[in-house]
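Take a look at the model below.

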Amino acid sequence: MIISIIILNYKTKELTLSLLDGLFENYGKEIEENKIEIILADNASNDNSIPAFKKSKYFSEIKLVENKENYGFSKGNNIAAREALGEYLLFINSDTLVKDKGFLRMTEFLNKNKKTAVIGGRLINKDGSDRAPAGKFYNLVYVFFTLFFSWLAPNLRFSPKKISEVDWVSGAFMMIRREVFKKLEGFDKNMFMYVEDMELCFRVKKLGYNIVFFPESSLYHMEYGSSDRTFAIVNIYKGILYFYKKHGSPISYLIVKTMLVVKAGLLVMIGKIINNKYLTDTYSKALKTWKNYYCG
């Protein structure tokens, strides 16, 4: 078994079925020859997802994992990865489409480059533009500019045009050596959603491996979000705060926490002044979350 493709579904039934169509269209031969396996985990969608997957023409050829609750991205994928037999684990979002055989080129690259443990591919929007699935680690300067002067912020996320070593790649399209993923015990289960991909890559680099962006393999991203904007804002910065609590110094953690609280407080005040309910509600929730947030 070369590749274990891991897909996490949460109320994205139709998108997931479309993704399976593309996978079997492009990799049917490799799946039949047991070179590629597909592991589909449902995070307790509580809709018609499970019955639909069981009725699918692909059901007999995939491994279906039924999680008992919505464990989020990290833990949900970790549970699915326990079923994997492949030398490489490939995590792809359920809202992506496959239109070529680029996954095999990714494994060829990893076979030739033993110091690379993680490789990410290109993500293309429906309009043909590139998303930014690679990035730099969020140091204090980057966090400051992103929070308060975003128009001046350094280019933290990007999509290189050629094969490039980067700090981290998106969990929406990430291949990792199974032995490395197992050694690290997978994604940090304390991170429900957002920033968990950067945190995993940070630990991979600490082991001495490289992270590479590989634009010769691509997926089409359907711009579907399983969470609302408020949820995303709160949890992205909660993830950054957790990252600093886990990997930074006590001083750096305090600085990041202070910046987040100040940013949220300012936007709550602005929201009240201009009568913007979205700003007030979102950042009031964020302020409460960040101000009282401590990690184990």
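## A lysine, a kinked helix and an enclosed strand

Lys263 sits in helix α9 (residues 250–273). Helices (H or I, at least four residues) and strands (E, at least two) are DSSP runs, numbered from the N terminus. This is a predicted model, where local features need pLDDT of at least 70, side-chain atom pairs count only at pLDDT 80 or more, and totals for chains, interfaces and linings use all residues. Residues are numbered from 1 along each chain as its sequence is written, and side-chain values use heavy atoms, with hydrogens and water left out.

Lys263 counts as buried because its relative accessibility is 15%. Buried means under 20% relative accessible area, exposed over 50%, and partly exposed in between (1.4 Å probe, protein chains only). Beyond its neighbours within four places in sequence, Lys263 is in contact (heavy atoms within 4.5 Å) with Thr146, Leu147 and Phe148. A polar atom of the Lys263 side chain lies 2.8 Å from the backbone oxygen of Leu147.

Now to helix α1. This helix (residues 13–32) spans only 24 Å between its end C-alpha atoms, while a straight helix of 20 residues would span 28 Å at 1.5 Å a residue. The expected span is 1.5 Å times one less than the number of residues. A kink of about 70° in α1 is centred on Asn26. The bend at a residue is the angle between axes fitted to the seven residues ending there and the seven starting there. Asn26 is also among the buried residues of α1, which include Leu23, Phe24 and Tyr27. Their cover includes β1 (3–9), β2 (36–42) and α4 (102–112). Just after α1, Asn34 takes a positive phi of about 60°.

Strand β2 is largely enclosed by the rest of the structure, because seven of its seven residues are buried. Ile36, Ile38, Leu40 and Asp42 point one way, and Glu37, Ile39 and Ala41 the other. In a regular strand the side chains alternate between the two faces of the sheet.

| Strands | Bridges | Direction |
|---|---|---|
| β1 and β2 | seven bridges | parallel |
| β2 and β3 (residues 63–66) | four bridges | parallel |

Ile3 has Ile36 of β2 as its bridge partner. Asp42 stands opposite Glu66 in β3. The chain crosses from β2 through α2 to β3, a right-handed β-α-β crossover. A crossover is right-handed if, with the strands pointing away from the viewer, the path from the first strand over the helix to the second runs clockwise. β1, α1 and β2 also make a right-handed β-α-β unit.

Key:
Two strands pair if DSSP finds at least two bridges between them. A polar contact is a pair of N or O atoms within 3.5 Å; within protein, one must be able to donate a hydrogen and the other to accept it, and residues adjacent in sequence count only if both atoms are side-chain atoms.
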